[in-house]
Amino acid sequence: MKLKLAAAIVTGLMTISLVAKDVSPDIVVPAAPDKAKLSYAVGMRMGMQLIQVSTNVDADVAIRAVQDVLEGKPTMLQESQLAPVLNREQAIKRGEITVTPEQAEKDKAEFSYAGGMRIALLYKHSGVDVDPQVITQAIQDTLQGKPKMKASEIPPLFIQAQKYA
């Protein structure tokens, strides 16, 4: 009796799954963006952000932070330290805090690292699969004024990555 009941349940489930398979609409999964192109676009975007704040940023330090985060290496700052460092830099820019030239240089390095780390963490936490070496190259190319991609190519790649994720 139990064997017949089990066979009937299995047969019923198979019939239901076959029927459901026949009437379910086709689900279109968007194609994954090319990892190298997406990584380059991410690096270019980071490079453009560094150019916007170049007077207060040491690009080499920011790049090292990006590499540390994306390669899973130990970082010079904890994630919880980012906001205070970045807020201090803003307070200095607004003239709310006065610092010596020596302190300003130290703050620039710390701010650069915090900024690079913050940007990299946004991508890391998004779950987007990127190549840290390609990102680094793209940042350097952009800072040197020789990017290998047009800025107009970046948004479509980001949209494609977002749809895929």
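Leaving aside neighbours within four places in sequence, aspartate 68 touches Lys73, Pro74, Thr75 and Tyr113, where contact means heavy atoms within 4.5 Å. That residue is a handy way into this predicted model, in which local features need pLDDT of at least 70, side-chain atom pairs count only at pLDDT 80 or more, and totals for chains, interfaces and linings use all residues. Residues are numbered from 1 along each chain as its sequence is written, and side-chain values use heavy atoms, with hydrogens and water left out.

**Overall make-up**

- The protein has seven helices and zero strands; both are DSSP runs numbered from the N terminus, with helices (H or I) of at least four residues and strands (E) of at least two.
- Read from the N terminus, the order of elements is α-α-α-α-α-α-α.
- Of the 165 residues, 32% count as buried; buried means under 20% relative accessible area, exposed means over 50%, and partly exposed lies in between (1.4 Å probe, protein chains only).
- Among contacts with a separation of 6 or more, 88% come from residues 24 or more positions apart.

**Aspartate 68**

- Aspartate 68 sits in helix H3, which covers residues 59-70.
- Aspartate 68 is buried yet has no salt bridge, and the nearest side chain of opposite charge, arginine 64, is 4.6 Å away.
- For charges, Lys and Arg count as positive and Asp and Glu as negative, while His and the chain ends are not counted.
- A salt bridge here is a side-chain nitrogen of Lys or Arg within 4 Å of a carboxyl oxygen of Asp or Glu.

**Helix H5**

- Helix H5 (residues 101-126) has 26 residues and should span 38 Å at 1.5 Å a residue, which agrees with the 37 Å between its end C-alpha atoms; the expected span is 1.5 Å times one less than the number of residues.
- The buried residues of H5 include Asp107, Phe111, Tyr113, Gly115, Met117 and Tyr123.
- Just after H5, glycine 127 adopts a positive phi of about 85 degrees.

**The largest pocket**

- The largest pocket has a volume of about 260 Å³.
- On a 1 Å grid over the protein atoms alone, a pocket is an open set of points with protein on both sides within 12 Å along at least five of seven lines, and lining residues have an atom within 4 Å of a point.
- Of the 15 residues lining the largest pocket, Val53, Leu86, Phe111, Gly115 and Arg118 are the closest to its centre.
- Two or more lining residues come from each of helix H2 (35-52), helix H4 (82-93) and H5.
- H5 gives the largest share of this lining, six residues.

**Salt bridges**

- The whole structure contains five salt bridges.
- One of them joins lysine 35 and aspartate 129, with the closest N and O atoms 3.4 Å apart.
- That pair links distant parts of the chain, 94 residues apart: lysine 35 is in helix H2, and aspartate 129 is in the loop between H5 and helix H6 (132-143).
- Lysine 35 is partly exposed, at 38% relative accessible area.
- Aspartate 107 and arginine 88 also pair up through their side chains (3.0 Å, N to O) in a salt bridge.
- Aspartate 107 is buried at 5% relative accessibility, whereas arginine 88 is partly exposed at 28%.
- Arginine 94 and glutamate 96 form another salt bridge (2.8 Å, N to O).
- Arginine 94 is exposed at 52% relative accessibility, and glutamate 96 is exposed at 53%.

Conventions
1 Å grid on protein atoms, 1.4 Å probe; cavity = no way out; pocket = protein on both sides within 12 Å on 5 of 7 lines; lining within 4 Å. Points joined across faces, edges and corners; volume = space filled by probe spheres on them.
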